[in-house]
Amino acid sequence: MKIKKLVLDGFRNIQDREIDTSFKQIILTGENGQGKTNVLEAVYLLCYGSSFRTQNVKEAVTYGKDMFYLSSTFEDAQGLERKAEISFDEGKKRIRLDGKEIKDRKELIYCIPCIVFSHDDIEFVRGEPENRRKFFDQTMTMYDPVFFDDLRRYKSVLKQRNAALKDQRYSLLDIYDDKLARYGMPIMKARSSVCASFSAIFPDIYNAVALEDRGIDIKYRPSWSMDLSYDQILQKLQEQRDTDIKMNTTTSGPHRDRFLITDKNGVFVTGASTGQMRLASLVFRSAQAAFYRQKTGLNPIFLIDDVLLELDNAKRARYLSYLGHYNQAFFTFLPEEKYFGSFFDLHGEDTRIYQVKEGRFLNG
């Protein structure tokens, strides 16, 4: 899988242009705020139909314009050349795949999956439980459309149930409880499975890069016990109903699940430094890629956005050695960075370096 060409028009601060990306390594170098991350965002949009930076893609329209257009020519897992297009115009996002407009981005996300490594990833480690749920849910939706559908249905029912609680339409709660239980049980099972797989990958990579054995681990703590039957979950929801009515929200279920990062001293973040948390967040992404390979036999595209600066040179080198296989990777670097020694063959046919300044590409 590889993206061979990008076209950007009216997107962020990037000058309208076509970019040759038919290389294994694409290196974008430039000072902060020049547009490097905007290119990675465009790639992510073309892979998933959504942004990793904003919920409102209208924000990605170039100042002074009223629309943007993106396209990618890519090679899929079967070696077929295909085309993805995303536009935002007149307040509406449109996605086209091979010339046909699609209504559900699910049709896009299994074509050419990518993994983005960004500064915000540290919130998987030190942030709220919602951030870790989002990470593990994203990990599963990358390869499992059934989980994707279950999660969508669960979130839809949860939204309806919470609205019924706020509007005091309590007669509807039995109907919503039934659906919450039916959609929630497979979500819990899938999360338990993915956490077990991560626990077999994550500690080894972390220890190898950090050169320390903290006893780091990831544990899944579901809101509903894993051994509850469907009827017992319904009973639990019934028992929680008074509390739910008082709080105007659903207080138990997979949306309250927790993933805990622990070490031999207890909760990891309690004694971890910022550098250790940053490394853990990077390892999260490497483990995500390894898990995806295990499930599909495929290598995702990497989008690596200035996340290695907080590691010393030795840790950078060790981390890159555990980055794993990829068919293609986009890296952003500051001008003074030295591309981490011999990791890149800067003059090889597989690498292209673009210098980015004020949204313009000074070469290529």
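1. Let's begin with charge pairs: this structure holds 25 salt bridges. Please keep in mind as you read that the model is a predicted one. The idea behind such pairs is simple: side chains of opposite charge can pair when their charged atoms come close. The next points walk through a few examples.

2. Take K4 and E81, which form a salt bridge whose closest N and O atoms are 3.0 Å apart. This pair links distant parts of the chain, with K4 in strand β1 (residues 2-9) and E81 in strand β5 (residues 81-89), 77 residues apart. How accessible are the two partners? K4 counts as partly exposed because its relative accessibility is 29%. E81 has a relative accessibility of 56%, so E81 counts as exposed.

3. The side chains of R82 and D98 meet in a salt bridge, with 2.8 Å from N to O. Here too distant parts of the chain are linked: R82 sits in strand β5, while D98 belongs to the loop between β6 (92-97) and β7 (100-102), 16 residues apart. R82 is partly exposed, its relative accessible area being 22%, and D98 is partly exposed with 42%.

4. Now a pair that involves helices. K106 and D149 form a salt bridge, and their closest N and O atoms lie 3.0 Å apart. Which parts of the chain does this pair tie together? K106 lies in helix α2 (residues 106-109) and D149 in helix α5 (residues 145-166), so the bridge ties together parts that are 43 residues apart in sequence. K106 has a relative accessible area of 22%, so this residue is partly exposed. D149 is partly exposed as well, with a relative accessible area of 22%.

5. Salt bridges can also share partners. In this model, R161, D174, D177, R241 and D244 are joined into one network in that way.

6. Finally, look at helix α4 (residues 129-141), which has 13 residues.

How values were computed. Residues are numbered from 1 along each chain as its sequence is written. This is a predicted model: local features need pLDDT of at least 70, side-chain atom pairs count only at pLDDT 80 or more; totals for chains, interfaces and linings use all residues. Side-chain values use heavy atoms; hydrogens and water are left out. A salt bridge is a side-chain nitrogen of Lys or Arg within 4 Å of a carboxyl oxygen of Asp or Glu. Helices (H or I, at least four residues) and strands (E, at least two) are DSSP runs, numbered from the N terminus. Buried means under 20% relative accessible area, exposed over 50%, partly exposed in between (1.4 Å probe, protein chains only). The expected span of a helix is 1.5 Å times one less than its number of residues.
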